[in-house]
Amino acid sequence: MVSPVTSIAYDRNLMTPGVGDVIADVLVVGGGNAALCAAISAAQAGARVCLLERSPKTYRGGNSRHVRNFRCAHTGDLGVLSGDYELDEFYDDLVRVTKGNTDEAMAKSVINDSAECYDWMIEQGVLFQPALSGTLSLSRTNAFFLGGGKALVNTYYQRCEDLGVDIHYNATVLDVHIEDGFADGVLVDFDGQQTYVRAKALVFASGGYESNKEWLARHWGDKAINFLIRGTPYNRGEVLKCLLDSGADSIGDPTQCHAVAIDGRAPEYDGGIVTRLDCVPFSVVLNADGQRFYDEGEDVWPKRYAIWGRLVAAQPNQIGYCIIDSQSKDLFMPSVFPADEANTLSELFGTLGLPVDEALETVEQFNDACRPGTFQSNDLDGLSTEGLSPEKTNWARPIVKPPFYGYVLKPGVTFTYLGVNVDANSRVSFNEKRSENVWAAGEIVAGNILGEGYLAGFGMTIGTVFSRKAGQQAGAYANTNA
Amino acid sequence: MQTQTLNLTGDSSITSEALHDEAARQLSICNSCRYCEGYCSAFQGLTRFRSLDASRVSHLANLCHNCRGCYYACQYTEPHEFAINIPAILANVRADNWEQHIHPRWLAKAMQRQVAPYVLLTLFFILVFSFGLGVPWLSDQAFYSAISHNVLVAVFTPLFVLPLVFLGFGLRNYWRAVGGSTLRLKDVKAAVQSAATMRQLSGGQGQGCNYEKKERYSSARRWSHQLTMYGFLLCFASTSTATVYHYVFGWEAPYSLFSLPKLFGVTGGVMLSVGTAALAYLKSQADPALGSQSRGAVEYVFVGLLFMVSTTGLLLYFFSGTALASFWLIIHLAFIATFFIAVPYSKMAHGFFRFAALCREAQLQR
């Protein structure tokens, strides 16, 4: 069982700025992709590096454990990537998903640096594979990691070990001492032992606050209790809060999180990729009152799963019920949990705990509104309902052939947008002034580029590009301030 | 339910059905994830199925070479509640397949799970050769002066042929259970190519497996296995050419160092000894929880048996002409006799089942 992580109490008097051993030139806070790339880059720049990962070794890597690919610009074939993915097309894709809510100069610089990252990753021992079955639409734009994110994380940890990076697990940063943008050190809980440690330069790559339900509840109210967290339970945003409290300029909508609709039976934390449910376009989705609430067939699922997180979050009890019949059973990727199955709709609704009469009436109305036509699962087939509200504009086929299947949908939170403001070199600004020795990377800076929405694999691009800069600069800073 | 219910550590009472169900539970999670598709054919084969019955689970289990890449890359290993450990559950399913399909089952069960039968058989054959057939303990007279060719043939022909007959029937049972159709030459060709290069231990890109170095890749197991397999085949070639020499050309042993039987035998013997010793060492470094723990000790015994077959053969050759020659002859023959009986009932079965699985996979791919 993955349990929620709780805060650790500490005594502020343990903070002794200016006193105590400098444990490293560069101290990296976090243990995911960005932290590791920063640590490797700083070590390669010649610095003595210490990395603090909050989780035990088995859960190291933060949300990077769950990632699977890296979006990368390229002209001509590049490793597993075929054809061209030019800078302009990449940027246009970003503008489309963020509805223009991005920083153009910064976004273009990340996109520009992505191709070079691919080669750098190969040098560190990262292995790529062609796009996985069922993700062929990404084969030109996204390089997949062989074995996925945990294999990537393993490779980077090995690289860190080989470069002599001092790695600590179960090491939770409790507080930071930063004055006028200058960091002195951090208070760390090393597996129960609380110590103040100092370093010449600090890189914060400690993620967002999406697994902190109390914080989510501040913006979402009691609804947050019903949210599932797709990734690590360790991203509680406590370091982010320390930075903001120390005067770091914030960026990104503090109230928003990226949520998708996932299998409602998934674990509360850390369900990862397998909890996706791709059956919505071929179904009718009912809420707990047995009513439909949105056009299930508006577009193909890869373009719609992200909005369904919010749609479901807005329903009573933050839950949706996805109903299909035997005709649609094999049209989507297999689900991790088997569907509830019944030979009649009323039996199925009973099992799902839906109000049977209301739900039956809704499906009956839907079936009556379906029109004859050719059903095509792979394309927008234009097979829409007539005179129904809300309409279903594609794949509207009567739900009539038993057995019937039901899946539960819940909102699955992927990441939060709130972060710290950085410049193009990933240096954090405090009270609108660039810090001398504090850098940040990864999810904690994603809001500088992703104002809203998400582009598959782009989190890893942001994470890798910024963290390499952060690591190089922090390493160089430590070398010149010996 | 997507949480583990089986305890695989040494519990010998787990039924085939329970193993298949647990494997199906885990593989259905894999089928929703698919991150491991690049490692081996088992994961590529999995994407073909939407549901997993015993037949499909068995096929995938025998395709798995226990490279462990998928385990160390997995987001869902314990303490995650999904408790994925594909290398372990598939190793258990494989071992169960060998026990279920090869008759008599009591013998398969005994030799797949216990060390004692190997010790007793070897001792028994030492007694047979020394007292029953009168081979002296100390004599420089080895081979046909110590034991006649006809006696050797009379003893070893049934010891060699009978187990192979049982193995053959077992493989037929397995083939039916996984739904195999009539074999075509190109299925066999594909399987030979895969086995010849141990492609399934390449990690997908030649980086190797995650066996003894855990999260790190290594090709040590692939090399050790190749030394063992080719060493074994060379030893087999040695015996085969010697048989042809004897019956076709009338040339009797002992043969000179530069004869085919000796060249094959000595080279193969050295390879087999080095390869099995390396395999045993690698196994001692690997995490036992990722294999079939209930059979772990017996796997060592089997690798040890192969090691003894080759090493005593080399010793026999080394001491030929000395007073220890007949001693090593007795020991060598006893290990070979035990090995012959063990072929269908020990870890040795894995090679045949896996070859069948590679043939079946080639069929499914076309």
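How many bridges join β2(A) to strand β6 (residues 166-168) of chain A? I counted three, with the two strands running parallel. In β6(A), A:His168 is the bridge partner of A:Leu52. My terms: strands (E, at least two residues) and helices (H or I, at least four) are DSSP runs numbered from the N terminus, and two strands pair if DSSP finds at least two bridges between them.

A note on the source: this is a predicted model, where local features need pLDDT of at least 70, side-chain atom pairs count only at pLDDT 80 or more, and totals for chains, interfaces and linings use all residues. Residues are numbered from 1 along each chain as its sequence is written, while chains are lettered from A and ligands numbered from 1 in the order in which they are written.

Next I checked confidence. The predictor gives the complex an ipTM of 0.93 and a pTM of 0.94.

I then turned to the other neighbour of β2(A). Strand β1 (residues 22-29) of chain A pairs with β2(A) in the parallel sense over four bridges, and A:Val26 has A:Val49 as its bridge partner there.

I looked at side chains on β2 (residues 49-52) of chain A. A:Val49 and A:Leu51 point one way, A:Cys50 and A:Leu52 the other, and all are buried (20 or more other C-beta atoms within 10 Å of their own, placed from the backbone).

Last, I listed the contacts of A:Ala39 (C-beta atoms within 7 Å, placed from the backbone). Beyond neighbours within four places in sequence, they include A:Val28, A:Val49 and A:Leu51.

Notes: Two residues are in contact if their C-beta atoms, placed from the backbone, lie within 7 Å. A residue is buried if 20 or more other C-beta atoms lie within 10 Å of its own, exposed if 12 or fewer, and partly exposed in between; C-beta atoms are placed from the backbone.
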